Amino acid sequence: MATRHLIVGGGTAGLNAIRTIRAHDRGESEIVLVSAERPYSRMVLPYYLGRSIAEAHVFTATPAHLAQLQVQAHLGRRAATLDPAANRLTLDDGTVLPYDNCLIATGSSAVRAPVPGADSPGVHSFWTLPQARGVVGEIREGSHVVLVGAGFIAFTLLNALLARKAHLTIVEIAPQLLPRMIDRTGAEMVEKWLRRDGVAIRTGATLTAIEDAQGQKRLRFRQGEDLLADAVLMATGIRANLEWLQGSGIWVNRGIVVDDHLRSSVGNVYAAGDVAEGLDLVTGQPAVHAIEPTAMEHGRVVGANMAGRNIAYRGSLLMNIVEVCHLDIASFGAWDDPAAEAVAATRPERWAYRKLLWRGDRLVGAMILGMSSDIWTTNDVGMLKGLVQAGSDLGPWKEHLRRHPFDIKPAFIAAGTTARLLPQTILGRPSVPVGPVM
Ligand SMILES: Cc1cc2nc3c(=O)[nH]c(=O)nc-3n(C[C@H](O)[C@H](O)[C@H](O)COP(=O)(O)OP(=O)(O)OC[C@H]3O[C@@H](n4cnc5c(N)ncnc54)[C@H](O)[C@@H]3O)c2cc1C
């Protein structure tokens with residue numbers, strides 16, 4: 001009998017797993033997909049908001065494409081309960097699906113600041129396509145938008161909001177912008193840069209309530225003046241979609257605890273993407289990395305393992321890269337490790353900032369800021385990521401980078417970074433060309 005693979009969640013991790021299974025087995029197994037939403041990429045939603053792409057372009061697989069992959073799809077249905085002892089999943093309409101292997105790739109959901117009025121009309125999250133549609137429908141030229149939260153996801157929205165000619169105010173409870181992505185020096189630079197583009201910024205601001213005010217929203221704070229807004233966007237964090245697993249016996253911490261093969265505490269149940277707590281490549285510790293590259297890699301590794309390969313995963317690299325108003329901002333790995341040896345340098349005339357962090361001769365973290373038009377920034381973002389990801393012993397090149405943090409290329413080449421990364425880049429993929437599925 002053909003192996004029955006059950007995939008729960010049709011986002012980045014789920015679809016990468018499906019494509020990898022099919023690349024390995026050429027259609028021999030059964031694949032069943034259960035997904036509350038039609039497959040689409042959350043990461044491109046800001047481009048839809050900014051009108052760079054049409055809504056139709058956010059989808060990553062059509063029903064016809066899934067049929068071509070021989071996937072039996074239950075779209076618009078939710079997984080309700082998992083019974084690992086009986087190898088059965090029950091859906092929200094009572095349908096029972098048996099499986100041999102199951103992948104949980106249910107992603108995460110946006111969480112709003114717990115203040116009165118946070119759920120009232122005119123207050124939006126921006127995590128799902130329906131939420132994105134809500135924002136698109138509400139923002140007009142000249143609208144005053146208050147963005148609550150100045151983390152990575154909020155920053156992915158800035159260009160789109162400005163392209164829509166909204167008047168933008170960012171409020172952040174922490175004393176700086178991007179508190180989980182860059183340090184204070186970098187954040188001050190970003191703040192100055194954004195103010196030049198007319199963005200108002202209030203850090204250290206604790207929101208206490210959102211009230212209706214004659215067709216607008218009034219935001220109240222612990223200190224400081226109220227703000228009036230036509231629309232409020234909350235980008236105040238996310239939480240893994242785990243509730244439905246209660247009672248299943250699957251071990252859960254901040255995400256589903258997985259081993260180096262991305263298996264949960266139950267051998268034939270895997271987890272991948274935002275919902276999984278896997279290894280961090282740099283620290284070797286368990287971590288939830290709710291980012292696209294992790295979801296993609298997890299999906300590929302799980303897909304290969306479900307298809308019968310035996311692939312151990314080295315761990316995922318924490319990375320955040322965002323461009324706002326033509327300023328590139330990125331950090332990799334243990335960029336805020338207080339115990340690491342660090343060197344930082346600025347080139348104010350170029351709006352450029354670098355911070356490199358070592359443990360011994362190994363680069364364990366990096367932070368980089370610079371204008372997108374500055375070719376050195378663009379190149380160095382990729383090379384710093386590569387150096388941290390490769391984890392090479394830099395030997396004498398450590399001293400070179402310490403003295404010349406703006407001269408990354410010789411160290412990147414001398415450390416043989418590309419050669420070290422190549423086998424990891426194709427991890428989870430078969431070495432045979434992928435032909436049409438029979
Ligand atoms: C606006 C925005 C911008 C982003 N920008 C970036 C970026 O620039 N770089 C980056 O690295 N990351 C970015 N991300 C994050 C990235 O999109 C996520 O990390 C990625 O989507 C995670 O993939 P996933 O497959 O784990 O989960 P998801 O893509 O969220 O997919 C989960 C799927 O599971 C389904 N589901 C949930 N619960 C159930 C259930 N009970 N039963 C059945 N199905 C269920 C959902 O409907 C969904 O289809 C961004 C996210 C957003 C929202």
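Leaving aside its neighbours within four places in sequence, with which residues is Ala272 in contact?

1. Basis of the note. This is a predicted model, in which local features need pLDDT of at least 70 and side-chain atom pairs count only at pLDDT 80 or more, while totals for chains, interfaces and linings use all residues. Residues are numbered from 1 along each chain as its sequence is written.

2. Confidence. The mean pLDDT (the predictor's confidence in each residue, from 0 to 100) is 94, and 97% of the residues reach 70 or more. Over residues 430-438, however, pLDDT stays under 50. Where pLDDT is low, the predicted coordinates should not be read in detail.

3. Ala272. Beyond four places in sequence, Ala272 is in contact (C-beta atoms, placed from the backbone, within 7 Å) with Ala13, Ala17, Leu103, Ala105, Leu262, Ala295, His298, Gly299 and Val302. Ala272 is also one of the three residues, with Leu103 and Leu233, that touch the most other members of the largest nonpolar core, a set of 124 residues. Such a core consists of buried Ala, Val, Leu, Ile, Met, Phe, Trp, Tyr and Cys residues joined through C-beta atoms within 7 Å. A residue is buried if 20 or more other C-beta atoms, placed from the backbone, lie within 10 Å of its own, exposed if 12 or fewer, and partly exposed in between.

4. Helix α5. Helices (H or I, at least four residues) and strands (E, at least two) are DSSP runs, numbered from the N terminus. In α5, nine of the twelve residues are buried, among them Ile153, Phe155 and Leu158. The elements that cover these buried residues include α2, β10 (144-148), β11 (167-172), β16 (231-234) and β22 (319-324). After α5 comes Lys165, with a positive phi near 60°.

5. Domains. The assignment, for which bounds come from an automatic or database source, gives domain 1 (4-109 + 239-306), domain 2 (123-236) and domain 3 (326-424). Taken over C-alpha atoms, the centres of domain 1 and domain 2 are separated by 31 Å. Contacts join eleven residues of domain 1 to 13 residues of domain 2. On the domain 1 side, helix α2 (residues 45-49) gives the most, with four residues.

Technical notes: Two residues are in contact if their C-beta atoms, placed from the backbone, lie within 7 Å.
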